[in-house]
Amino acid sequence: DYDTYYQLEEHGNLHIVTVRDEGELIGYYISYVHPNPHYKDHLFAVNDVLFVHPDYRGGIVAYKMLAYAEKELKKIGVSVMMIHMKTAFPFEKLCEARDMDKAEYVYSKFIGE
C-alpha cells in the first residue's frame, strides 16, 4: 500500500534505514514512529520490516544496521524501539546482542475469507 507509506512519510511517521554494498541494496529496516497512548511521554519506533539479503546474514551487517537505526531514531526523539519477528524467521540473538529485552508475545489468527 504505497499510498499509506507516502502518507506516513509525509507526516514524519516513517523511518527507513538502508544498507548497500557498492550501491546494491542488501538490507533495510523500516519503522513506524508515533506516540503511544499508554506511555505519552515516549515516542515509539515500531518496526514494520527488517531484511538482510541472505548472502549477508550471519555476519555483522544486521547488527550495524540496527545500531545505526537506533542512533538515528534517538536523534528524532524516539525513546522506545520495538522489533517484532516471525517465529518462522527468528533473530532473537541479534536483538539480544543489541541489548534489547523480550517484552511481549503476540498471537495471531487469520479470520478473513
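The chain carries 12 positive and 18 negative side chains, and the centres of the two sets lie 6 Å apart, where Lys and Arg count as positive and Asp and Glu as negative, with His and the chain ends not counted, and where the place of a charge is NZ of Lys, CZ of Arg, CG of Asp or CD of Glu. This is a predicted model, in which local features need pLDDT of at least 70 and side-chain atom pairs count only at pLDDT 80 or more, while totals for chains, interfaces and linings use all residues. Residues are numbered from 1 along each chain as its sequence is written, and side-chain values use heavy atoms, with hydrogens and water left out.

**Fold and surface**
- The chain has three helices and four strands in the order α-β-β-β-α-β-α, these being DSSP runs numbered from the N terminus (helices H or I, at least four residues; strands E, at least two).
- Along the principal axes, the C-alpha atoms fill a box of roughly 40 × 35 × 35 Å, and the chain exposes about 9,000 Å², of which carbon and sulfur atoms supply 53%, by the Shrake-Rupley method with a 1.4 Å probe.
- Of the 113 residues, 27% are buried, a term for under 20% relative accessible area, as exposed is for over 50% and partly exposed for values in between (1.4 Å probe, protein chains only).

**Helix α1 and residue L73**
- Helix α1 (residues 2–10) lies largely in the open because, of its nine residues, the number buried is zero; α1 is followed by G12, whose phi is positive, near 75°.
- L73, in helix α2, is buried, with a relative accessible area of 1%.
- Apart from neighbours within four places in sequence, L73 is in contact with H15, S31, V33, A45, V78 and M81, contact meaning heavy atoms within 4.5 Å.

- The largest pocket holds about 1,300 Å³ of space and is lined by 33 residues, of which I83, H84, M85, A103 and E104 lie nearest its centre.
- β3 (39–52), α2 (61–75), β4 (80–82) and α3 (92–97) each supply at least two residues of that lining.
- A pocket is an open set of points on a 1 Å grid over the protein atoms alone, with protein on both sides within 12 Å along at least five of seven lines, and lining residues have an atom within 4 Å of a point.
- Y105, in the segment after α3, is exposed, with a relative accessible area of 66%, and its C-alpha is 9.2 Å from that of H84, 21 residues away in sequence.

Definitions and conventions: On a 1 Å grid over the protein atoms alone, a cavity is a set of points where a 1.4 Å probe fits but cannot get out, and a pocket is an open set with protein on both sides within 12 Å along at least five of seven lines; lining residues have an atom within 4 Å of a point. Grid points are joined across faces, edges and corners, and a volume is the space filled by probe spheres set on the points.
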